[in-house]
Protein chains: 2
Amino acid sequence: VTYCVALYLEEGLVFLADTRTNAGVDHIATYTKMFTVEKPSERALVLMTAGNLATTQAVVNEVVEGRGGAAEREGGTLHTVDTMLGAAELVGEAVQRARRPGGGEHVASDPRFDATFILGGQIQGRPMRLFMIYTEGNFIEASEDTPFLQIGETKYGKPILDRALTHETSIAHGVKLALVSMDSTLRSNVTVGLPIDLATYQRDSLHFALRHRIDENDTYFDALRTSWSEALRSALVAAPDAPWNVTG
Amino acid sequence: VTYCVALYLEEGLVFLADTRTNAGVDHIATYTKMFTVEKPSERALVLMTAGNLATTQAVVNEVVEGRGGAAEREGGTLHTVDTMLGAAELVGEAVQRARRPGGGEHVASDPRFDATFILGGQIQGRPMRLFMIYTEGNFIEASEDTPFLQIGETKYGKPILDRALTHETSIAHGVKLALVSMDSTLRSNVTVGLPIDLATYQRDSLHFALRHRIDENDTYFDALRTSWSEALRSALVAAPDAPWNVTG
């Protein structure tokens, strides 16, 4: 199972993805679900994937690697597309092709082949944007009112973002919130696992500020987890007591 | 959609259930999902229900109301059963009967008729116990290592319990945690709604300390929600910053 989250902030973008796949408890493999395309001072894009591995690999092969004639097709790849909207359309078209077995007209409706994507970043002269692309090829966009998008096993990590994240949150605080959201998922679903991939992008910079893989030996992630659990226990003590008699 | 949670604490038990049913956004009805059976100084039991309304109503009619010949059957009802284990077996048998259309041998495997239950409490001379009963009639029990059980839309409200609840948590703090867990669910799933039913039981008391319905006008629940969101934002600021450059 996968968990990927992206934050759409005034200051920039934060991307976080786990790497676990083949999540039988006795058959664990890691597989990158975050793909970055960067040409400094021209473009910086992130694509994150969830769902069927055959579908997501076909899409990545096409829009990131340029296979299957994608480089020659109108629109090209994430390396050549002119706008973020065009990039989202490329991903949407690629997922539709991936779900047409044999290249025919028939789109497989088998939900086992479903896949969803998060795509965000910026291209020179254009605004920074963040999209979620559905298995049907349509997409939605993050906004000031919808400052985060999630794919995969999204529920465990949603409440902390609902409560504490706004579009005005800084990248530094956003990184902490995304990691806490991931930790909530890791604790509750053992098939989502470390290592996790983190990337940050500052608006209008046209290069990644950070691309980092967090593994089991990461002392900061451990410290954050511990700090957060302690903070919650303190918040519990500090929260007002119920006005009713609850014992007796 | 339903969310019910019960806490198994050294000091006693906490039960919390929403009341929303028919959760189309334009067709909202409230329906009690928490049923209490109390005979002071002899027994205090709570049954909470999730899933298909026809199935849960059939089970409640039988084990709480004593309909369908249940009062005469061996084991009787929650009003007469001798032990909490026996009570869990009554519920498990009732859900199996409810899933046999026409009373035949065939158990409906249609997942639309699935239902799950939480049953907890104490009967004179016997230990306090807490069970979750599955649609197949089997059950699991809460323990010092598994101090809470959930049914329904469980994921949004799980991380806060995973992080902050232990068997040693007091009833007063447990009430706060259960309400925060419910609030996380209410915020994320609009088909889970107020009012919510709360009950608390102190171990060996053989009566309920509190049975209370919280509605939209409850000032305490509002104050707790506000306090909790503020505490999380403070915790975010206080949490250690990542050691990496995340901007630039």
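1. The model is predicted, so local features need pLDDT of at least 70 and side-chain atom pairs pLDDT 80 or more, while totals for chains, interfaces and linings use all residues. Residues are numbered from 1 along each chain as its sequence is written, chains are lettered from A in the order in which they are written, and side-chain values use heavy atoms, with hydrogens and water left out.

2. Chain A has five helices and 12 strands; helices (H or I, at least four residues) and strands (E, at least two) are DSSP runs, numbered from the N terminus. Its C-alpha trace spans about 70 × 40 × 35 Å along the principal axes.

3. The contact (heavy atoms within 4.5 Å) takes 53 residues from chain B and 53 residues from chain A. The same surface serves both copies, since 100% of the contact residues of chain B recur in chain A.

4. Chain B and chain A bury about 4800 Å² between them, 65% of it on carbon and sulfur atoms. Buried area is the accessible area (1.4 Å probe) that two parts lose on being put together, summed over both. In chain B, the residues that lose the most area to chain A are B:Arg163, B:Leu236 and B:Trp244, together 19% of what that side buries.

5. Between chain B and chain A, 30 residue pairs are in polar contact, both at pLDDT 80 or more. A polar contact is a pair of N or O atoms within 3.5 Å; within protein, one must be able to donate a hydrogen and the other to accept it, and residues adjacent in sequence count only if both atoms are side-chain atoms. On the side of chain B that touches chain A, H5(B) gives the largest share, 12 residues.

6. Six salt bridges are found across the interface of chain B and chain A, the rule being a side-chain nitrogen of Lys or Arg within 4 Å of a carboxyl oxygen of Asp or Glu. One of them joins A:Arg163 to B:Asp183, the closest N and O atoms being 2.8 Å apart. Over all chains the count comes to 28 salt bridges. Within chain A, A:Arg129 and A:Glu141 meet in a salt bridge (2.7 Å, N to O). This pair links strand S8 (residues 129–133) to strand S9 (residues 139–141), 12 residues apart.
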